[in-house]
Protein chains: 2
Amino acid sequence: MGETWATLGVDLHLETGGDASRHGVRKGLTDALRAAVRSGRLTPGTRLPSSRSLAVDLGIARNTVADAYADLVAEGWLTARQGSGTRVAERVVTPPVRPATPRRRGGAPEYDLGPGAPDLTSFPRSEWLKAARRAMAAAPNDALGYPDPRGRIELRTVLAAYLARARGVHADPGRIVVTAGFLHALALLGRVLRARGLPEVAVESYGLNIHWNLLHRAGLRTTPLGFDALGTDVAGLGPDSPKAVLLTPAHQFPMGVPLHPDRRAAAVDWARREGGVILEDDYDGEFRYDRQPVGALQGLDPERVVYLGTASKSLAPGLRLGWMVLPSGLQDEVLDERHAAGAYGSALDQLTLAEFIESGAYDRHVRAARLRYRRRRDQLVAALAARAPEVRATGIAAGLHAVLELPPGTEQSIVQAANWERLAVHGLSGFRHPEAAVRQRDALVVGYGTPAEHAWAGALEALCRVVG
Amino acid sequence: MGETWATLGVDLHLETGGDASRHGVRKGLTDALRAAVRSGRLTPGTRLPSSRSLAVDLGIARNTVADAYADLVAEGWLTARQGSGTRVAERVVTPPVRPATPRRRGGAPEYDLGPGAPDLTSFPRSEWLKAARRAMAAAPNDALGYPDPRGRIELRTVLAAYLARARGVHADPGRIVVTAGFLHALALLGRVLRARGLPEVAVESYGLNIHWNLLHRAGLRTTPLGFDALGTDVAGLGPDSPKAVLLTPAHQFPMGVPLHPDRRAAAVDWARREGGVILEDDYDGEFRYDRQPVGALQGLDPERVVYLGTASKSLAPGLRLGWMVLPSGLQDEVLDERHAAGAYGSALDQLTLAEFIESGAYDRHVRAARLRYRRRRDQLVAALAARAPEVRATGIAAGLHAVLELPPGTEQSIVQAANWERLAVHGLSGFRHPEAAVRQRDALVVGYGTPAEHAWAGALEALCRVVG
């Protein structure tokens, strides 16, 4: 099929490459609509015809139109709201109309390369809904009642198998506690450690302010360990060090190196010898590109390591789903702190995630995302090599972000220049613990997973302009 | 239509009362299958034919069969699991086969008349899924990102309008905080009050241990106010009383009386005069049977009253969705405590509830539930009048539970007898604050909303045997 039609008041060329199957027609329609939006032929806010009437106009199945609309809603090109139909999204990303005139400066970012989130437009909306439907049909009535404080057994069972297979975690469903994401789990653990009388927790030289603050709010001090090419220097853990440590062993955040095998072993040895607890933040363990994933540290000693995982990077932060696998000695205390806070999650979401994982949809989604992010990473590295050869990307064997090492003294001015170009990007200095002994390095932390697929090329171009 | 068929290996009589519409056929099929399960003609675990093949056998539309199956799954008669098809549920509730032989005593309850939960089998599963689908299609991509700490603006906007209309709440979306249910909200408020330096909170003579314990865990003492026929005696609030009070003004839990209008006014006057805060637990405000609902106290002074609502009674506790409407002075502190705990809820659930309310499905569901619970209440009152005339049901103008006043000294033995009959029912003494000055009364707190529709008659019969 290849035809031009003018049903939306604009000429759209429907090109299916000779594939007249339902799939081919759907793709052709999706492509044509996307192109029309991208080019400005369909302007923001334009109301599209109902799927029924467009289907009649085009002589194709209504479901095909509905599916194409849904695809484009999921990608962020269209919006669908109850009562106001399907419309072209009010989007920021339009081609620069007059490149010669000065661009509008400042204001809301046009491109976001902040780390910590996946591409939200690639969330598998329809697969998730299908899993929700199956989960709802299968849910026992008691799933709608007051919750199991550990989370639904169906999800804990599926997670135990998944974490063992994908991350080498030694997991028993009875040791898993489902939480509202990593931050919730960390806050609970911080309160448990404080209630045990711990005054402080060792942390890495680089990390997230929000994590340190959560521990501070629980009444704990945070004491940074050293950092070098082998990762976080766990030699700082000893008989006099804090009795708990928060680590990102698979992929140090944000520096990107895995913890050296000797140091993994040394950390576990310390925990055994001194009765210490290791909190393992495995935030992006699913995304490893160049070799076998680094397994979870927890597998080395499940009685000394709390494993912390999340769906925030592999699916979306908005789901607010995370999990921890606890040593036997910590479970009662964690559940007691949770009880005091009264915050339990929706049973339906948990059953949906269980179904999503069990049906294979999770693996498929992660595989597709891994390919997409690896391609972006490769494009980032290639673009920098061509246009900013003095900027080196490191920490790129895994994850959704890279560290771009900058010439000394340039970080602040480059971040400012980026903001001026309406490109949101973060300097490494914001991830350095205030008491860390590591020398100041100038670098950017670039979340290449964050932009929507259609915005990625523009974001990369803006980045190259800023650092080139 | 009225015919008998034997497609499941049993004779089923499909009676549609002459209504050959799709709705009539669906109802006829649902009734026939339900009757076959109830009578034991279809035994637990039996696998039903696929909807496709049963539809062919019966000469009706496949969707009609699928809908009938879905209805019966929702009611708990059938189960549908991925991979194992639709089966007759393994249910506890079967007709007593040999009434002459001694029944099995002790063990898990056969009937649950504990208060606090609605009939979970009446959860509107398919309507909820429809709302989820519409919400997913309309959700902006940022809904999948890190959350607004107050909850999604779409839900807060819909709730503001709903609460104003249905409960007379003075609500602004900016003042609403969506929580993981009432307990989560109460725990946050307890921590805020403690951080303000309050040593104690006034509570009602009767209430829930779990609420008092949450406040204790936040570091607060609880001090009970008096109670009489006009409700909780707010004269105990004065210049020297605690500066905060937790009340159930619309329908005292569990005693069931509304707070007298003079006392509502007096409570608000106290709060204004002394700078006090009233926490209004409006747990079942939607369910009022005999006259106009008692509006929320919050409407009298939104700057002195925190309104607390929940979907746990109107929909299901498993959703873990609640909300509070905060005075302007409390919002920052509540959000700060929430930040320290890191527990935010799923954006998709919030968007689904917003869509569910806005589409009218919530009102329809509440109306249907109200009729169903009122019928149960009437049956409870009638059965007691006939079989246990010395037992008086009180607190029955609203809600999902009743207080059954017992002859003095009999509460404990009746609760034990009920447990022996595998009927879960609670004595009033378990709801009395340990420091309450009210005289001990013997009574049962009977949650008539809790049983599944098919189990209600049996539960009522068991109750009458125990108290009669």
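This is a predicted model: local features need pLDDT of at least 70, side-chain atom pairs count only at pLDDT 80 or more; totals for chains, interfaces and linings use all residues.
Chain A contributes 59 residues to it and chain B contributes 58. The size of an interface is often given as the accessible area lost when the parts come together. For chain B and chain A, this buried area is about 4800 Å², with 56% of it on carbon and sulfur atoms. Two salt bridges are found across the interface of the two chains. A salt bridge links Asp336(A) with Arg217(B), and here the closest N and O atoms lie 3.0 Å apart.

Attention now turns to the empty space inside the model. Rolling a probe the size of a water molecule over the atoms shows where such space is left. In this structure, 14 cavities reach 30 Å³ or more. The largest cavity has a volume of about 310 Å³. Its lining comprises 34 residues, and those closest to the centre are Tyr344(A), Gly345(A), Ser346(A), Arg320(B) and Gly345(B). At least two lining residues come from each of four elements: strand 6 (176-179) and helix 10 (347-358) of chain A, and strand 6 (176-179) and helix 10 (347-358) of chain B. Helix 10 of chain A gives the most to this lining, with three residues. By class, the lining of the largest cavity holds 15 nonpolar, 11 polar and eight charged residues.

The second largest cavity has a volume of about 210 Å³. Among the 17 residues that line this cavity, Ala132(A), Asp349(A), Thr352(A), Ala132(B) and Asp349(B) are the closest to its centre. Helix 4 (125-138) and helix 10 of chain A, along with helix 4 (125-138) and helix 10 of chain B, each give two or more residues to the lining of the second largest cavity. This lining divides into 13 nonpolar, two polar and two charged residues.

Arg320(B) sits in the loop between strand 13 (305-310) and strand 14 (322-325) of chain B.

In chain A, the bond joining Phe253(A) and Pro254(A) is cis, with omega about 0°. Pro254(A) belongs to the loop between strand 11 (244-247) and helix 8 (261-274) of chain A. In chain B, the peptide bond from Phe253(B) to Pro254(B) is cis, with omega near 0°. Pro254(B) is placed in the loop between strand 11 (244-247) and helix 8 (261-274) of chain B.

Finally, chain A contains an open sheet of four strands in the order 15-16-19-18, with antiparallel pairing. Strand 15 (392-394) and strand 18 (426-427) of chain A stand at the edges with a single partner strand each, so one side of each has no neighbour in the sheet. Strands of a sheet pair through backbone hydrogen bonds, either parallel or antiparallel. Strand 15 of chain A runs antiparallel to strand 16 (residues 401-405) of chain A, and three bridges join them. Arg392(A) has Glu405(A) as its bridge partner in strand 16 of chain A.

How values were computed
Residues are numbered from 1 along each chain as its sequence is written. Chains are lettered from A and ligands numbered from 1 in the order in which they are written. Side-chain values use heavy atoms; hydrogens and water are left out. On a 1 Å grid over the protein atoms alone, a cavity is a set of points where a 1.4 Å probe fits but cannot get out, and a pocket is an open set with protein on both sides within 12 Å along at least five of seven lines; lining residues have an atom within 4 Å of a point. Grid points are joined across faces, edges and corners, and a volume is the space filled by probe spheres set on the points. Ala, Val, Leu, Ile, Met, Phe, Trp, Tyr, Cys and Pro count as nonpolar, Asp, Glu, Lys and Arg as charged, and the others, Gly among them, as polar. Two strands pair if DSSP finds at least two bridges between them. Contact means heavy atoms within 4.5 Å. Buried area is the accessible area (1.4 Å probe) that two parts lose on being put together, summed over both. A salt bridge is a side-chain nitrogen of Lys or Arg within 4 Å of a carboxyl oxygen of Asp or Glu.
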